[in-house]
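Please open the structure in your viewer and keep the selection tool at hand.

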Amino acid sequence: MSETAESDAAGDAESPSVAGLGGGSPDMAEYPLQVEDLRKQFGGITAVDGVSFEIEAGTMTGLIGPNGAGKSTTFNCITGMYDPDGGTVTFNGEDVTGMDPHDIAQRGLVRTFQIARELSDMTVLENMMLAPKGQRGERLWQSVLPGTRDRVIEQETELVEQVWDALEFFDIDHLASERAGNLSGGQRKLLELARAMLTDPDMLLLDEPFAGVNPTLEARLLEHVHELRKQGYTFLIVEHDMDLIMNNCERVIVMHQGKLLTDGTPEEVRSDEEVIEAYLGGQA
């Protein structure tokens, strides 16, 4: 598919609410994600060195820093892709440090990847149908026994409606029958975010969600993220585009050489001398 098709997908129509997908849990903690003294080493290299921060519910927080600052490693330690060498990760009051990624996702802490990980030989619709949790059809006996098969079919019908709602919300319903491997980079980012939403998360960690996306679709993606935040979802975003983070996040966390350099509002971070030196090379 061409980038022109992406622009067509990013029309002027207003985004509907994500019907069938509950917003962030109304009773979640004030700071659902708490990271304390997180450490990760690779041989003699310390990639994350005693990082601590907490993310307020219902906010959009940016995580920035120069290449090699430890941002992606921090993401991987939080979401179970790496086992931390020290420190704790607490989500909604539960210690999830070192848990497997699928166990953390089941608890409502869901991530996307810098390079979208779609199942390329399956259609967009099929990719989406894999995302919802607790599908009865995943158990073979429920799918084949006469007494339970009807419940599987009933649930699948409901899930198809939710999937179409999400496809429409993210402006990719016209691609439902397209093989995911044929999508452009920006369309794959939309698919990944839409699929993440179908897991019914409380919080999303987005790893460079706007990289490789044309400006029209970037604006559309931002609209979706802001709309989801209004619905109660919490976001932590790693992004190299500093202006994008400064213009869209209420709070910015800056890492440098594996450590937390500063943490504050965009205005505070933008004027911080250490950030200017480390992140902008000394240029204001």
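**Before starting**

This is a predicted model, in which local features need pLDDT of at least 70 and side-chain atom pairs count only at pLDDT 80 or more, while totals for chains, interfaces and linings use all residues. Residues are numbered from 1 along each chain as its sequence is written, and side-chain values use heavy atoms, with hydrogens and water left out.

**Stop 1: the whole protein**

Display the protein as a cartoon: eleven helices and ten strands make up its secondary structure. Helices (H or I, at least four residues) and strands (E, at least two) are DSSP runs, numbered from the N terminus. Of the 284 residues, 48% are buried; buried means under 20% relative accessible area, exposed over 50%, and partly exposed in between, with a 1.4 Å probe and protein chains only. Switch to a surface view, where the accessible surface comes to about 13,100 Å², with 46% of it belonging to carbon and sulfur atoms. These areas come from the Shrake-Rupley method with a 1.4 Å probe, and for residues only the protein chains shown count as cover. Among contacts (heavy atoms within 4.5 Å) with a separation of 6 or more, 70% join residues 24 or more positions apart.

**Stop 2: the six-stranded sheet**

Select strands S6, S7, S8, S3, S9 and S10, which form an open sheet in that order with mixed pairing. Two strands pair if DSSP finds at least two bridges between them. At the edges are S6 (109-111) and S10 (259-264), each pairing on one side only. From one strand to the next the twist averages 20°. Helix H2 packs on this sheet, touching S3, S6, S7, S8 and S9, and its direction makes about 145° with that of S7. For such angles, axes are lines fitted to C-alpha atoms, for helices over the stretch in contact, and values run from 0 to 180 degrees between N-to-C directions.

Next, select S3 (residues 60-64). How many of its residues are buried? Five of the five are, so S3 is largely enclosed by the rest of the structure. Met60, Gly62 and Ile64 are buried on one side, and Thr61 and Leu63 on the other. S3 pairs in the parallel sense with S8 (residues 234-238) over four bridges, and also with S9 (residues 251-256), again parallel and over four bridges. Met60 has Phe235 as its bridge partner in S8, while Thr61 stands opposite Arg251 in S9.

Move on to S7 (residues 203-207), which pairs with S8 in the parallel sense over five bridges. Here Leu206 has Ile237 of S8 as its bridge partner.

**Stop 3: the four-stranded sheet**

Now select S2, S1, S4 and S5, an open sheet in that order with antiparallel pairing. Its edge strands are S2 (45-55) and S5 (94-95), each pairing on one side only. S1 (residues 33-42) and S4 (residues 86-91) pair in the antiparallel sense over five bridges, and Gln34 stands opposite Thr90 in S4.

**Stop 4: helix H2**

Select H2 (residues 71-78), which lies across S1, S2 and S4 and runs at about 115° to S1. Within H2, find Asn76. Is Asn76 buried or exposed? Asn76 counts as buried because its relative accessibility is 13%. Not counting residues up to four places away in sequence, Asn76 touches Met81, Tyr82 and Arg111. The C-alpha atoms of Asn76 and Pro101, 25 residues apart along the chain, are separated by 9.2 Å.

**Stop 5: the nonpolar cores**

In soluble globular proteins, nonpolar side chains tend to be buried together. A nonpolar core here is a set of buried Ala, Val, Leu, Ile, Met, Phe, Trp, Tyr and Cys residues joined through side-chain atoms within 4.5 Å. The largest has 45 residues, and those with the most contacts inside it are Val124, Met128, Phe170, Ile172, Leu204 and Phe235. Helix H7 (residues 185-197) gives the most to this core, with six residues. Apart from it lies another core, of 25 residues, including Leu38, Val51, Phe91 and Ile253.

Return to Phe235: leaving aside neighbours within four places in sequence, Phe235 contacts Thr59, Met60, Thr61, Leu204, Leu206, Val225, Leu228 and Arg229.

**Stop 6: the cysteines**

Finally, select Cys77, which is buried at a relative accessible area of 1%, and Cys249, buried at 7%. With a disulfide taken as a pair of cysteine sulfur atoms within 2.5 Å, the count comes to zero.
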